Amino acid sequence: MKKVSVIMPLYNAEKYMTEAIEGILNQTYGDFELLCIDDHSTDNTAGILNDIAQKEQRIRILTNGQRLGAGESRNRGLREAAGKYVVFLDGDDVFHEKLLETTCEAMERCEADVVLFDAARHVAGEHIHIRKATEYTQEFVERYCIKTFCIHDFPTGEFPLGSDAIGDKMFLKSFIMDNRLQFQDLASSNDVYFVRMALYCAAKIIWARSDEMLLYTREHSEPSRISNNRDPMCAYYAWEKLARELSGRNMLEDLQQHFYSTFAGAVVDRIQRERSVERREDFYRFLQREGIEKCMAYSTVYRDKIDVYTLYILDGIQKNPCESGWIFSMDSCFQFYLRKNGEKICRFLQELPLQEKKTILWGAGHDGTALLEYLDGHSIRLSGVVDCSTEKQGTVVWGYEITAPDFFEQEADHILVTSKRLEQEVSGMVKHTKAVVVNLLTVLL
């Protein structure tokens, strides 16, 4: 039996598939099989597959008699997989040669159910072969890379999902089968239920630490790429199935805060990113009319177990007409808690000897600007404001001229950020300086 089954659905993939397949065949770890599922392609996908398979015994070809879609193709590959571990990769992406070696080592060392790993997403074709280094804070390594964890170990917002996508994870096959996990038959978002449910069920998850990104997803506009025209209803069907399954498995009550927080964020993201005005409005009204209520009706919802920002979002969609534009003007999580608990930041900053220390804000986006406005109203001044965006550098916001980070980072004692993502990014960038990075969202909560 092979140790790893790499499952790769292919539909009209002739342009990039040869490179993707060679990226698997050239792995430093050799104990694998590659299952290529030709999803009734109409181009030369089948011919390319046959040519490669004649020279390489580690490839198995499965051919769909009619087009089934990526979800059902992955299900077929999973049924046929002979490996102890499975990983689902796409035929238009680029893989680091140590992808399988790194993830299998983590699987074996920790006897994990799921391994997460680093991926660079939506990389333009002209940059797809540029290697990207990874940066980890010591806190990240200690929490996620050394010992296994599960979702119950963390409060909402600190669970390291990575993404809802299937490609940056490896799974123990027996764990998948024992938990009866399958991909949905959806035109898009068919992996959301599988990924989320796996991480809800997994008792042992580990993040595979690597020096470089192990996966690079290619940004392109080929007609076969489903992400070019995602139906927001597919995303809803994934979340509704999650609620239904969690309820049926008696898991939803314990996971309410995690589930509804991510559900709220997902529907907002789908509404805000939808380019079709008609489809956006239809989706919004569906959520108002029945969608949100249905997902909240699968078990007794204890509102005191759900964070107030999540309720602000879900209640806001139900109460505010689509025409009001509320969904585009709503407070971010940081802005919401700044309005609610801003005095906590004032007390925190007043306890710092600002006149003797250099305290700067990193990031002059919407959250950073809201913070500066709030501090100005309370007569609190910082040492400066920095931003990586060259478009923002040189502009003036609430009396601060925005500068490049290197202007301050060597002298800063405290660097203020407004999110966990920024905290992780900035901590990695300034780890060789004396600066202490402070996530003000944590202060607000």
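On a 1 Å grid over the protein atoms alone, a cavity is a set of points where a 1.4 Å probe fits but cannot get out, and its lining residues have an atom within 4 Å of a point. The model is predicted, so local features need pLDDT of at least 70 and side-chain atom pairs count only at pLDDT 80 or more, whereas totals for chains, interfaces and linings use all residues. Residues are numbered from 1 along each chain as its sequence is written, and side-chain values use heavy atoms, with hydrogens and water left out.

Select T137, E139, F140, R143, Y144, K420 and Q424, which line the largest cavity. The elements giving two or more residues to this lining are α5 (138-145) and α15 (420-429), helices being DSSP runs (H or I, at least four residues) and strands likewise (E, at least two), numbered from the N terminus.

Next, display the side chains of E139 and R143. They form a salt bridge (a side-chain nitrogen of Lys or Arg within 4 Å of a carboxyl oxygen of Asp or Glu), with the closest N and O atoms 3.6 Å apart. Within helix α5 the two lie 4 residues apart, about one helical turn. E139 is partly exposed at 35% relative accessible area (buried means under 20%, exposed over 50%, partly exposed in between; 1.4 Å probe, protein chains only).

D387 is buried, at 9%, while K392 is partly exposed, at 29%.

Key. On a 1 Å grid over the protein atoms alone, a cavity is a set of points where a 1.4 Å probe fits but cannot get out, and a pocket is an open set with protein on both sides within 12 Å along at least five of seven lines; lining residues have an atom within 4 Å of a point.
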